[in-house]
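Please keep the sequence and the model open while reading.

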Amino acid sequence: MLCVNTAFTSFIPRKPTCVFSSKSTTPISCTLQGTVAEPKSTAAAEPLLLNAVRGVEVERPPVWLMRQAGRYMKSYQTICEKYPSFRERSENVDLVVEISLQPWHVFKPDGVILFSDILTPLSGMNIPFDIVKGKGPVIFDPIHTDAQVNQVREFVPEESVPYVGEALTILRKEVNDKAAVLGFVGAPFTLASYVVEGGSSKNFSKIKRLAFSESKILHSLLQKFTTSMARYIQYQADNGAQAVQIFDSWATELSPVDFEEFSLPYLKQIIDTVKKSHPNLPLILYASGSGGLLERLALTGVDVVSLDWTVDMADGRRRLGPNIAVQGNVDPGVLFGSKEFITDRINDTVRKAGRGKHILNLGHGIKVGTPEENVAHFFEVAKSVRY
């Protein structure tokens with residue numbers, strides 16, 4: 001059953017009222033009867049996700065799933081058969097809109113995220129790349145020298161990725177504030193990791209060699225990504241994104257002291273820049289395996305920290321404090337379990353997150369092969385939860 005995490009909010013618990021499935025003794029949801037420290041008034045015109053992030057009183061946590069538009073859906077697989085190139089699918093306005101809306105039409109999540117990739121800006125920065133089926137990202141000319149960094153152009157999204165702005169504008173009209181439209185970008189260190197390593201990596205030896213032996217080169221590259229990603233977030237917001245998630249997937253390969261040099265200051269710079277021009281735009285930060293860095297993630301100034309499943313939600317909430325919203329953090333593998341098991345994990349996560357300032361999500365993207373009916377059950381249960 002759900003209850004409020006008293007470490008986060010001053011809640012006086014009373015007996016909860018629970019709703020049970022006709023086929024199980026496991027509660028689908030529980031309504032909390034109690035009092036909380038004076039919530040802000042409800043603003044019904046805004047999407048639920050935005051209200052939750054801003055601390056407005058909401059009846060339940062909003063829910064969306066990372067990679068909710070993707071390979072687990074049969075409708076997406078059909079598109080892949082016709083358009084086998086990922087870049088074609090992610091750089092064509094009509095396809096981007098269609099794929100982004102596939103989970104919206106089926107599950108009605110509270111967030112509709114743009115179908116794209118964090119590497120999409122690279123071509124516009126004079127960094128040729130491709131995303132190859134079965135292999136992933138491939139950087140054709142990995143960057144290791146100062147001369148190569150000098151050839152990297154700052155990103156001008158209006159010129160390089162106009163289809164992103166067009167797609168976001170259409171998504172806003174299609175969704176019509178019934179959910180929040182989400183954009184996203186890659187963080188500087190994660191983008192640098194790809195272009196230095198030449199693609200994905202298991203040990204990150206090349207970027208660490210650059211960081212620890214020729215740090216000036218890496219800092220120059222990180223600054224170009226920082227300026228470019230701040231501009232990209234602003235562009236997405238100007239064209240319809242109502243919140244933007246920053247993915248720093250590989251920053252957790254750094255020790256805390258190295259995170260403070262090679263990631264934290266650049267994240268702060270992006271967030272400070274965006275907040276000056278778009279002070280009301282919620283910014284979400286996700287870094288997989290971030291348990292050792294949570295307090296440092298909070299120092300970036302983001303509105304939401306997205307937790308992966310290796311962090312206990314109650315511990316994460318306590319460590320981040322009451323002023324930052326949290327997102328997550330159900331293990332994606334849970335969606336391979338029984339419906340009762342999925343229900344239990346949703347309720348456990350919501351209970352530990354406490355009342356308000358929580359976006360229910362997975363701790364990582366949906367895995368390939370996840371049963372669509374289990375995803376449907378996840379959304380059904382999540383949307384039936386009541387505080």
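Which residues in helix 8 meet which residues in helix 9? Phe189, Ala192, Ser193, Val196 and Glu197 in helix 8 meet Ser205, Lys206, Ile207 and Leu210 in helix 9; contact means heavy atoms within 4.5 Å. By class, this contact has 5 nonpolar, 2 polar and 2 charged residues. Here Ala, Val, Leu, Ile, Met, Phe, Trp, Tyr, Cys and Pro count as nonpolar, Asp, Glu, Lys and Arg as charged, and the others, Gly among them, as polar.

The model is predicted: local features need pLDDT of at least 70 and side-chain atom pairs pLDDT 80 or more, whereas totals for chains, interfaces and linings use all residues. Residues are numbered from 1 along each chain as its sequence is written, and side-chain values use heavy atoms, with hydrogens and water left out. Helices (H or I, at least four residues) and strands (E, at least two) are DSSP runs, numbered from the N terminus.

The axes of helix 8 (residues 188-197) and helix 9 (residues 205-213) come within 8 Å and cross at roughly 110°. Axes are lines fitted to C-alpha atoms, for helices over the stretch in contact, with angles from 0 to 180 degrees between N-to-C directions. Helix 8 and helix 9 are therefore roughly perpendicular to each other (65 to 115 degrees).

An open sheet is formed by 7 strands in the order 5-8-9-10-11-12-13, with parallel pairing; two strands pair if DSSP finds at least two bridges between them. Strand 5 (111-113) and strand 13 (358-362) are at the edges with a single partner strand each, so one side of each has no neighbour in the sheet. From one strand to the next the twist averages 25°. Helix 10 packs on the sheet, touching strand 8 (180-186), strand 9 (243-247) and strand 10, and its direction makes about 165° with that of strand 8.

| Residue | Bridge partner |
|---|---|
| Phe247 | Tyr286 in strand 10 |
| Leu285 | Val305 in strand 11 |

Strand 10 is covered on both faces: Leu283 and Leu285 on one side, and Ile284 and Tyr286 on the other, are all buried (under 20% relative accessible area, 1.4 Å probe, protein chains only).

**The core**

The largest nonpolar core has 126 residues, and those with the most contacts inside it include Ile127, Val195 and Phe378. Such a core is a set of buried Ala, Val, Leu, Ile, Met, Phe, Trp, Tyr and Cys residues joined through side-chain atoms within 4.5 Å. Helix 10 (residues 215-238) gives the most to this core, with 11 residues.

Key:
Buried means under 20% relative accessible area, exposed over 50%, partly exposed in between (1.4 Å probe, protein chains only). Angles under 35 degrees count as roughly parallel, over 145 as roughly antiparallel, 65 to 115 as roughly perpendicular and the rest as oblique.
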